[in-house]
Amino acid sequence: MEEDKKIPQHVAIILDGNGRWAKAKGMPRNYGHMQGAKAVEDILEVARDMGIKYLTVYAFSTENWNRPDTEVSALMTILRQYLKTSIKKSMKNNVRCRVIGERSRLSDDIRSAIEELEETTKENTGLQFTIAINYGSRDEITRAVRKIAARCAAGEISAEDITEKMISENLDTWDLPDPDLMIRTCGEQRISNYLLWQCAYTEFYYAQVAWPDFDKEQLQMALDSYGKRDRKYGGLLQDK
């Protein structure tokens, strides 16, 4: 069907506005983060039903460590709980989960939970769900360059061998297609160090609602906007 061609294969989302949403309701910021985690679960089902194949969300950035210690601690607690409950839900819904980002700064129990989630769901063939945790695109690119530089130093490759494809293959997202659509909630219009390399030709959509209020209707609005655009790469109409 023609309509099916207008569904983006890969949607990336910046989950913005949890704290502001909670403040507007007279609640602490951590309440907003808890509701935001629930909204992720809801949108996973909606995205799957709409025909989206890959969903990548920005859960915790490298810059988020600069937030107050109490808020960071609360976010880690929510993350632990989310990782714990995700295995059962992912297996039930045939969702494959993986995490991108630099893991060494995460606690041992969180790293173990991530590994268990990835290993348990790796054979699932439904929605491919990626969570960016302690992720920053500049950090990701820096790590990729270091890996390539090490190969050069070892004499495995020369500088002339380095291509865009090689760089892509050394990023955290090496096995994912680039996003077709990037959504940011809460009306903000910046990329915030998220998937910089991967979003070279991505369409952007800015939702006015905060993340906890982003629901099926809001996602449909984003997909409708995407469907009305002519996808072009380098001035050439993309054959979708």
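Trainee: In which sense do strand 5 and strand 6 pair, and over how many bridges?
Mentor: Strand 5 and strand 6 (residues 203–206) pair in the parallel sense, and they do so over 4 bridges; strands here are DSSP runs of E of at least two residues, helices are runs of H or I of at least four residues, and both are numbered from the N terminus. Two strands count as paired if DSSP finds at least two bridges between them. Please keep in mind that this is a predicted model, in which local features need pLDDT of at least 70 and side-chain atom pairs count only at pLDDT 80 or more, while totals for chains, interfaces and linings use all residues. Residues are numbered from 1 along each chain as its sequence is written, and side-chain values use heavy atoms, with hydrogens and water left out.

Trainee: And which residue of strand 6 is the bridge partner of M182?
Mentor: That partner is F204. Strand 5 also runs parallel to strand 1 (residues 10–14), joined to it by 4 bridges, and there L181 of strand 5 is the partner of V11.

Trainee: Changing topic, where does D172 sit?
Mentor: D172 lies in the loop between helix 6 (164–169) and strand 5, and D172 counts as buried because its relative accessible area is 12%.

Trainee: Which side chain does D172 make a polar contact with?
Mentor: The side chain of D172 is joined to that of R143 by a polar contact of 2.8 Å (a pair of N or O atoms within 3.5 Å, where within protein one must be able to donate a hydrogen and the other to accept it, and residues adjacent in sequence count only if both atoms are side-chain atoms). Leaving out residues up to four places away in sequence, D172 touches R98, I100, G101, Y135, E140 and R143, where contact means heavy atoms within 4.5 Å.

Key
Buried means under 20% relative accessible area, exposed over 50%, partly exposed in between (1.4 Å probe, protein chains only).
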